[in-house]
Structures are given as C-alpha cells and as structure tokens.
Amino acid sequence: MRILGIETSCDETAAAVVADGTTVLSSVVSSQVDLHAAFGGVVPELASRAHVELLGPVVAQALVEAGTDGDGVGAVAATVGPGLVGSLLVGISAAKAMALVWGVPFVGVNHLEGHLYAAFLEEPDLEPPLVVLLVSGAHTMLVAMEGHGRYRLLGTTLDDAAGEAFDKVARFLGLGYPGGPVIDRLALEGDKDAIAFPRGLRNEGYDFSFSGLKTAVVTYARKHPEVPVADLAASFQEAVVDVLVTKARRAAAEVGATGLVLGGGVAANSALRERALDACIADGLRPFLPSRSMCTDNAAMVAAAAWWRLAADGPTPLDAGADPELPLPLV
Ligand code: KG4
Ligand code: ZN
C-alpha cells in the first residue's frame, strides 16, 4: 500500500510517497530556512503562511516523482503534533481533504514517532527491543522501544533540547541559523579537546541538561576572545556528543537492547554518528543511523510511521485536530 505522507509541523514543508512503510518512492522537502534565518529562529506566523503556499506544489511533485496520482494512494497521513499549531493545521487540513476526495483513510501521525520510524525506512528488518536516542530542535529523549508503538521513556531533557543548544550556541557565536549544521562543519577544523566543557548529568540517570553547557560556552568565549571559534565549536559539540552517547550506551546495556537507533535533526551530526557507531561496535549493538536527510524533518518518516499506525489502530477520525504538545505514546 502506498501512503502519501505530509509534514508541516515546523519550518519544512514536506510530502512523500512510501510503499508498505519501507520503500520510499519519493520524498520532497522544501525548507523555509532562508525565510526564518534573518530572525534567528522560526517565526510561527510566517511558517504557516509559507506552508499554505508551498504544500500544493510539494505534494504534486511527490506524486509525480512516485509515478502515481490520487488513484494509486491507499491512505493520506499528516503530522498532528507536536509542533506549531498553525503549521500543523495546514498539513492536517490538506491531508484530510485529499483523503476525503480520494475515498481513502486519513492517518494522524505523532512527529516523534515519525523520527523514530525513519530508521525503519532503511532497515526494515529492525527488531525491538531497541534503545532510541531522539534528538531534535525541540526534543531530547532516550526511549526503550519494546515493540511497534510500545515505548518506555527512560529520560528527557530538563532544560534545553540538544538541537536547541546547538542553535543557541551558534547564534551567540554569530554563526547563523540553524546552528547544528554550521557547528558540525566548523568543528571539523577545530580541536575537540581544546576546552573541557561541563557534561551535565553525564553519569547520573537518563535525564539530560544542556543549559549549563550553553552558559559555559558563552562565559568562556567572553573571557577568551582569542580562542578560535572552531575550537569552541568542536569542544562544545564534543561535550554534547559525549553525554548523549554515554547515556545511550548505558541505557542499551540496562534494557538489554539489541540495537541503538538515532533519530531527529541532531542525529545528522557527524561526530554523534561516528561515536554512536564506535559505541555499537564496542558493545555488540546493531547501529541504526538513518541517512542525514531522513534524520531532519521529512515526510517519508511520517508515511512510514503511518503504515504501522494504520495497521495497529486503523484510520484516524476526520474530526481529530492538531495537538501542539502531543507526547510520544508511552506504555
Ligand atoms: O528534527 P528536526 O529537523 O526538527 C525538529 O523536529 O526540531 O531538528 C532540527 C534541529 C535543529 O536544532 C538543528 O540545529 C539540528 O536539528 N541539526 C543538527 C545538525 N543538523 C540539524 N545538529 C547538529 N548537527 C547537525 N549536523
Ligand atoms: Zn523533527
């Protein structure tokens, strides 16, 4: 079955066609980054308006690239939360309208579950129990996946999300928005051991804290204006990656996971991917690192998650709305 997925929860307008939850026939992402860059972050009202303008052409392109039209689509899925309410509503309304016109089910998808299912697109034989490290601009979660749709939250951030820390540090260093990809690139030229930044909660439980690290970078940069920005970027990134990988390894050992899954925009980070891979090899875990384009927001992950949700729960009622605070459904 082919599912048309739609993602408009933040600043990417995306549509994709995925067959049987695993085969990506098309995945189109139109980023609004340039629109929001001047403001140093996403402006919700601008994002919703841009989604309205972009969604039609993006969906049309996804259908054309998949070599299909409405007749070849078995269900239409859209992210229903968490995210910006005005942005979510654009995707949800369009998805419901298409489902109604084509006479196929509508499936509401949790954005976080979408990030988690990005791994299944490239590794269809992925088998729970797994530990998932979900790290995006808005979330940092360590999750034990016990089965499809069965999640246990091990830990979350007490303050900033990992991606938010990248964005805030980059903004302070005058590197622009979004900060993650810039710091990732710059860190390649820097010394990751130049500055020993604090690793909040590294050896305690599974919760995370990144605001102390952010403040430490700012304070250090002000006191040492001579320090190369690349060294600051590399040392900051190293502190984040060290904490993320240390906790993920510990969690995998404790829950007896067979594999470690990375998801969310920060999972596109080169250092995190490298360290997670090394850790998996050392600990005998299967690594599941979706390609970079599947880590950041896209609609193929939405269509993949929808396939499993449709099989488990059936269609979503058409009167279901957007939920900006929608949590990951936990057991
Ligand atoms: O998952 P995502 O595309 O959107 C949300 O659901 O939040 O994640 C966006 C976040 C941003 O904070 C961005 O700076 C970060 O992911 N990010 C990265 C990288 N690429 C994107 N962080 C570190 N390294 C990267 N290469
Ligand atoms: Zn996301």
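Across the interface of domain 1 and domain 2, the rule finds zero salt bridges. The structure described here is a predicted model.

Domain 1 covers residues 2-116 together with 294-313, while domain 2 covers residues 128-292. The C-alpha centres of the two domains are 26 Å apart. At the interface, 16 residues of domain 1 are in contact with 21 residues of domain 2.

The size of an interface is often given as the accessible area lost when the parts come together. For domain 1 and domain 2, the buried area is about 1,500 Å², and 70% of it is on carbon and sulfur atoms. Leu 112, Leu 116 and Cys 295 supply 40% of the area that domain 1 buries against domain 2.

## Helices α5 and α6

Two packed helices are described by the angle between their axes and the distance between the axes. Helix α5 spans residues 162-172 and helix α6 spans residues 179-187. Their axes come within 8 Å and cross at roughly 70 degrees. An angle of 65 to 115 degrees counts as roughly perpendicular, so α5 and α6 are roughly perpendicular to each other.

Which residues of α5 and α6 meet? From α5 they are Phe 166, Asp 167, Val 169 and Ala 170; from α6 they are Gly 179, Gly 180 and Ile 183. Sorted by class, the contact of α5 with α6 has four nonpolar, two polar and one charged residues.

## Cis peptide bonds and a positive phi

Most residues other than glycine have a negative phi, and most peptide bonds are trans. The places below depart from one or the other of these patterns.

A cis peptide bond joins Pro 128 and Pro 129, with omega at about 5 degrees. Pro 129 lies in the loop between α4 (111-122) and β6 (130-135). Another cis peptide bond runs from Tyr 177 to Pro 178, where omega is near -5 degrees. Pro 178 is in the loop between α5 and α6, the two helices whose axes cross at roughly 70 degrees.

Where is Asp 20 placed? Asp 20 is in the loop between β2 (12-19) and β3 (23-31). Its phi is near 50 degrees, which is a positive value in a residue other than glycine.

Notes: Residues are numbered from 1 along each chain as its sequence is written. Chains are lettered from A and ligands numbered from 1 in the order in which they are written. This is a predicted model: local features need pLDDT of at least 70, side-chain atom pairs count only at pLDDT 80 or more; totals for chains, interfaces and linings use all residues. Side-chain values use heavy atoms; hydrogens and water are left out. Axes are lines fitted to C-alpha atoms, for helices over the stretch in contact, and angles run from 0 to 180 degrees between N-to-C directions. Helices (H or I, at least four residues) and strands (E, at least two) are DSSP runs, numbered from the N terminus. Angles under 35 degrees count as roughly parallel, over 145 as roughly antiparallel, 65 to 115 as roughly perpendicular and the rest as oblique. Contact means heavy atoms within 4.5 Å. Ala, Val, Leu, Ile, Met, Phe, Trp, Tyr, Cys and Pro count as nonpolar, Asp, Glu, Lys and Arg as charged, and the others, Gly among them, as polar. Domain bounds come from an automatic or database domain assignment. Buried area is the accessible area (1.4 Å probe) that two parts lose on being put together, summed over both. A salt bridge is a side-chain nitrogen of Lys or Arg within 4 Å of a carboxyl oxygen of Asp or Glu.
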